[in-house]
Amino acid sequence: MFEIKNKEFYMNGKPFKIYSGAMHYFRILPEYWEDRLTKLKLAGFNTVETYVCWNLHELQPNEFCFDGMLDIVRFIETAKKVGLYCIVRPGPYICAEWDFGGLPAWLLKDKNMQIRCNYPDYLACVERFYKKLLPMLVPYLETNGGNIIAMQVENEYGSYGNDKEYLTFIENLMKECGIDVLFFTSDGNWKNMLSGGSLPHIYKVLNFGSKAKNAFNCLKDFENDGPNMCGEFWCGWFDHWGDKHHTRAASSVGKEIKDFLDIGASFNFYMFHGGTNFGFTAGANQNKSYEPTITSYDYCALLNEWGDYTPAYHEVRKILCEHQGIQMGELPPSPKLQSIGNIELTEYASLFDNLSNIAEKHYAPVPESMEYFNQNFGLIYYETEIEGKYDISPLNIKDVHDFGYVYFDDKFKKRISRLESTAKGLKSLFSKKNSEKFLMSAIKDRRKIGVLVDTMGRVNYGEHMIDRKGITDIYIGNQRQMGYDIYTIPLDNLEKLEYHTDKKDAPLFLKGSFKAKSNDDCFVHLNGFKKGYVWVNGFNLGRYWEIGPQKSLYLPGALLKENNEIIMLEMEGFSKPSVSITDKHDLG
């Protein structure tokens, strides 16, 4: 039995400390779960913590998936097999540098939607998901003989709001679904956050990345009954496109762990193993500017992106094992890596030539967001025709989220970047609204205007989370343009592409093939390419972008066969149609 008494954790009547490491099942191929969890156990940890990604489990309303990488039950069972307790953080919001903080994009179809509060339509969606998810976890609760010892109510809520009725709704819904283990809330070590994000009767933990001996002072006014615990000890940090790659010295991490042990605190290491933001799952931040997160979620974690040991792993393992009197045995071998070499991409498919194959066409009087059309991820293309005689005029494309490629009569005219319009710090109305205004030459008869929008991650934290993708309007001068053919392009049906051997301009799909002699891991290097996506054997490895810091994509060996297919979608252009696959990763 796991419980709190005398300001301590107890397990089966004996004092107990939680030494937990975070791993997200949805960022790691299931073929590797047992290996990563075993390495967690052998480093002296006794618990694994994971978020739950609502947005992938329910891609469309009432259409659920718990298979493959989303098989959370199998992940929890695997943790128990290797001897680990489990902490589950089911959200519904998780942040996690994950698209929309784990909330499903289809919520945004409702133009009045209010998230993370007592808004009835939002609560109804949360209730439907919880009533599907949580009963699956009940058999694995510690109270039922399983290994789940605690579950979180919402997530860092005090960083967003202070709706106590909403928090109470989440708590009661969890109980209604049969959850009867320890409940907790987690917030940053600031009284404002604890005041907004906690409930008086629920155990509270703090999230921070340093100075453990002082950080818990903030908790004294809020948690009088429970032991000190850091719900997220940030051992590293994540990277944004165009930013630097974050690192942290092993000695710094080790010092912080010693501080936790010195004061007798429990902790959850965030992250023990970060994994990868495969596909379109990486989120974004927006403070002064929009900052999308890279594909790698290496996070400077104790295990790196492909599950290998880092110096910090060995540092922390030594400290934890010595503290607990655990004899350090032999570790599993490091993952094997392979170099495959240069891969020629010899077949090409124009995106625009394939709209009838991979897109769905809609008509709307004014532009609508991709969420309006039940689209979660990918591209969206807007096309309208202007007829008449127009003088040279300012053309204003409003609210581009996130990259707009503008075409006049099918010829590329201009790229509009949400990053550039916000990062400039301009105070004009247009830059604040991620719009761009430029002069359009005169029209004598008619002109077709097309805007292809490439989306990056939805904002996952803070006040700008309502982040619909696409555009909202096109104006010529003060005249609003009406009547659009809109193509939703989710990029989930590439088997329908028609390829040729002649190259065309970007956006362009390129396809090649290669042989692999083993199932060892490797890395795809994109030298000479600018911006786009990579699929291997139908699996979306994620985004690449020449601005870095990340210059290669992790290719898990479990995806490989003897004969393999690689497809790229290059949005802007390339120097030569080939990539290299090596045994070296380049995170910048």
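Predicted model: local features only at pLDDT ≥ 70, side-chain atom pairs only at ≥ 80, totals over all residues.

**Entry 1: helix pairs**

I began with α8 (residues 250-262) and α9 (residues 311-324). Their axes come within 8 Å and cross at roughly 20 degrees. Angles under 35 degrees count as roughly parallel, and α8 and α9 are therefore roughly parallel to each other. By the convention above, the crossing of α8 and α9 is right-handed. On the α8 side I listed Ala250, Ser251, Val253, Gly254, Ile257, Lys258 and Leu261 as making the contact; on the α9 side, Pro311, Ala312, Glu315, Val316, Ile319, Leu320 and His323. I sorted the residues of this contact into 9 nonpolar, 3 polar and 2 charged.

I then turned to α1 (residues 33-42) and α3 (residues 72-81). Here the axes come within 9 Å, and the crossing is at roughly 40 degrees. The pair α1 and α3 is therefore oblique. The crossing of α1 and α3 is right-handed. Trp33, Glu34 and Leu37 of α1 meet Arg74, Phe75, Thr78, Ala79 and Lys81 of α3. The residues in the contact of α1 with α3 come to 4 nonpolar, 1 polar and 3 charged.

**Entry 2: the sheet of 8 strands**

I traced an open sheet of 8 strands in the order β28-β27-β30-β25-β14-β31-β26-β29, with antiparallel pairing. Which strands stand at the edges? They are β28 and β29 (552-555); each has a single partner strand, so one side of each is left without a neighbour in the sheet. Neighbouring strands of this sheet are turned by 25 degrees against each other on average, with direction ignored.

Although β28 stands at an edge, 6 of the 7 residues in β28 (residues 539-545) are buried. Its antiparallel pairing with β27 (residues 531-536) runs over 6 bridges, and Lys531 stands opposite Trp545 in β28. The two strands form a hairpin with 2 residues between them, and Asn537 in the turn has a positive phi of about 50 degrees.

Elsewhere in the sheet I checked β14 (residues 341-350) and β31 (residues 578-582), which run antiparallel and are joined by 4 bridges. Glu344 has Ser578 of β31 as its bridge partner.

**Entry 3: the sheet of 6 strands**

I found an open sheet of 6 strands, ordered β15-β24-β16-β21-β18-β19, where the pairing is antiparallel. Its edge strands, β15 (360-364) and β19 (411-417), each pair on one side only.

How many of its residues are buried? The count is 6 of the 6, so β18 is largely enclosed by the rest of the structure. In a regular strand the side chains alternate between the two faces of the sheet. Phe403, Tyr405 and Tyr407 point one way from β18, Gly404, Val406 and Phe408 the other way, and all are buried.

β18 pairs with β19 in the antiparallel sense over 6 bridges, with Tyr405 opposite Arg415. The hairpin of β18 and β19 has 2 residues between the strands, and Asp409 in this hairpin takes a positive phi near 50 degrees. β18 also pairs with β21 (residues 446-454), antiparallel and over 6 bridges. There the bridge partner of Phe403 is Asp454.

**Entry 4: backbone exceptions**

Most residues other than glycine have a negative phi, and most peptide bonds are trans. I looked up the exceptions.

- Gly91 and Pro92 are joined by a cis peptide bond with omega about 10 degrees; Pro92 is in the loop between β6 (85-89) and α4 (120-137).
- The peptide bond from His401 to Asp402 is cis, omega near 25 degrees. Asp402 lies in the loop between β17 (393-398) and β18.
- Glu154 has a positive phi of about 55 degrees and sits in the loop between β7 (148-152) and α5 (164-176). Is Glu154 buried or exposed? Glu154 is buried, at a relative accessible area of 0%.
- Leu491 has a positive phi near 60 degrees, in the loop between β24 and β25 (508-515). Leu491 is buried, with a relative accessible area of 4%.

Terms used: Residues numbered from 1 in each chain as written. Heavy atoms only, no water. Buried < 20%, exposed > 50% of the residue type's maximum accessible area, 1.4 Å probe, protein only. Pairing = 2+ DSSP bridges. Axes fitted to C-alpha atoms, helices over the stretch in contact; angles between N-to-C directions. Parallel < 35°, antiparallel > 145°, perpendicular 65-115°, else oblique. Left-handed = near helix turned anticlockwise from the far one by under 90°. Contact = heavy atoms within 4.5 Å. Nonpolar A, V, L, I, M, F, W, Y, C, P; charged D, E, K, R; others polar.
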